Amino acid sequence: MSIEQDRARGAGAGRKRFGSKRAVVAVAATLTALLTGCSTGNSDTATAPTATTTQVPAAPAAAATPSKSAKPADTAEYRQDDDGFGRAGYFFTSPSGAFSCAIFDASLSAYGTPVGAACQGRAATPAGAQDCAKSEGLQAPVPGLGVGPSGTTFFCNVGSPLFTTTSTVLPYDSSLTANGYTCHSAQSGVSCQENLNGKGFRVSRESSALTLDGAQRQGASVTVPDVRGERPAAAENLLTNAGLTAKIMGGTGRGPRGGQCVVAEQEPAAGTKVATGALITLTTREIGYEAGIC
């Protein structure tokens, strides 16, 4: 589901999110107006918004750098199968209440850019991006930052924050890993990254950026658990709860001979110290057969 499609559904599902009749009416009114965008084009153009280009230099101040003692959060505490707008994933708010964030099961489209993890709220505008401008007669747009396989983006959404307001707080010095993304909560803000390519953003009231430096990408040290012999789904859950990302090689159900597929090999090996969000490759085999992928 795209952010644009989500807005079209907002009037019908708004009761669950915004909590008051007055808020629902305000949101419904904005759906008939053009979105105020974060465009890098001519300010006289009043068309649909465009996302800011990626790879903007990071501002040096107020970096949301995760602590080396960051504790992996239990993903089950943040899971929502439907946030009221048909989105599923892992939703959280910052301890200050300034930001609503999510790691989605399926990427959204933020004005053409796939977004797998994002935060929205009282965010400072990243260097090189245009401030969210309020058009006369419309609600003020809420700034947001997102990251996906193709990189990062800055967007503006008219109305209340894009993400559910009933999510759980992610405490300071904690990290949440799911679906190939990791978000860190720090007193200076929140940072999220795509674990395979290391791209990500950091967001705070004082300073936001669409790039992460090495220190921000360095997560807490995690010991890889031993998941050999586990069914693939159970193994993936164990790794996710440890703050790691699983990649399964082979079948996840039953093998060609009818036996259950289980994890036979894992890389890195159990007991290895790795950074939070590290990718763990699991190879499955059919129970009772040593050779061949399940």
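Q: What does buried mean for a residue here?
A: A residue is buried when its relative accessible area is under 20%; over 50% it is exposed, and in between it is partly exposed. The model to which this is applied is predicted.

Q: What makes strand S9 mostly covered?
A: Five of the five residues of S9 are buried. Each of them is therefore under the 20% limit. Ser174, Leu176 and Ala178 point one way from S9, while Ser175 and Thr177 point the other way, and all are buried.

Q: How do you know that S9 and S10 pair?
A: Five bridges join S9 to strand S10 (residues 181-186) in the antiparallel sense. Pairing needs at least two bridges, so S9 and S10 qualify. In this pairing Ala178 stands opposite Tyr181 in S10. The two strands form a hairpin with two residues between them, and Asn179 in the turn has a positive phi of about 55°.

Q: Which residues touch the most other members of the largest nonpolar core?
A: Phe92, Ile103, Leu176 and Val203 do, in a core of 26 residues. Phe92 is in contact with residues beyond four places in sequence, including Tyr78, Phe99, Cys101, Leu176, Cys183 and Val190.

Q: Which residues does the second, separate core include?
A: Val224, Leu239, Val263 and Ile280 are among its 13 residues.

Q: Why is Gln266 called buried?
A: Gln266 has a relative accessible area of 9%, and the limit is under 20%, so it is buried. Its place is in strand S15 (residues 261-267). Gln266 touches Val224, Pro225, Asp226, Val227, Arg228, Thr281 and Leu282, leaving out residues up to four places away in sequence.

Q: How do you know that the side chain of Gln266 lies within polar reach of Pro225 and Val227?
A: The backbone oxygen of Pro225 is 3.0 Å from a polar atom of the Gln266 side chain. For the backbone nitrogen of Val227 the distance to a polar atom of that side chain is 2.9 Å. A polar contact has to be within 3.5 Å, so both distances meet the cut-off.

Q: Why does Thr125 count as partly exposed?
A: The relative accessibility of Thr125 is 27%, which falls between the limits of 20% and 50%, so it is neither buried nor exposed. Thr125 lies in the loop between strand S5 (113-121) and strand S6 (141-148).

Q: What joins the side chains of Thr125 and Asp131?
A: A polar contact of 2.7 Å joins them. Asp131 is also one of the residues that Thr125 touches, along with Gln130 and Phe154, not counting residues up to four places away in sequence. The C-alpha atoms of Thr125 and Ser207 are separated by 7.3 Å, although the two are 82 residues apart along the chain.

Q: What lines the second largest pocket?
A: The lining has 15 residues, of which Tyr90, Asn179, Glu236, Asn237 and Thr240 lie nearest the centre of the pocket. Strand S9 (174-178), helix H4 (232-241) and strand S14 (245-249) give two or more residues each; H4 gives the largest share, four residues. The space in this pocket is about 260 Å³.

Q: What share of the chain do buried residues make up?
A: They make up 50% of the 294 residues. The secondary structure comes to four helices and 17 strands.

Notes
Residues are numbered from 1 along each chain as its sequence is written. This is a predicted model: local features need pLDDT of at least 70, side-chain atom pairs count only at pLDDT 80 or more; totals for chains, interfaces and linings use all residues. Side-chain values use heavy atoms; hydrogens and water are left out. Buried means under 20% relative accessible area, exposed over 50%, partly exposed in between (1.4 Å probe, protein chains only). A polar contact is a pair of N or O atoms within 3.5 Å; within protein, one must be able to donate a hydrogen and the other to accept it, and residues adjacent in sequence count only if both atoms are side-chain atoms. Contact means heavy atoms within 4.5 Å. A nonpolar core is a set of buried Ala, Val, Leu, Ile, Met, Phe, Trp, Tyr and Cys residues joined through side-chain atoms within 4.5 Å. On a 1 Å grid over the protein atoms alone, a cavity is a set of points where a 1.4 Å probe fits but cannot get out, and a pocket is an open set with protein on both sides within 12 Å along at least five of seven lines; lining residues have an atom within 4 Å of a point. Grid points are joined across faces, edges and corners, and a volume is the space filled by probe spheres set on the points.
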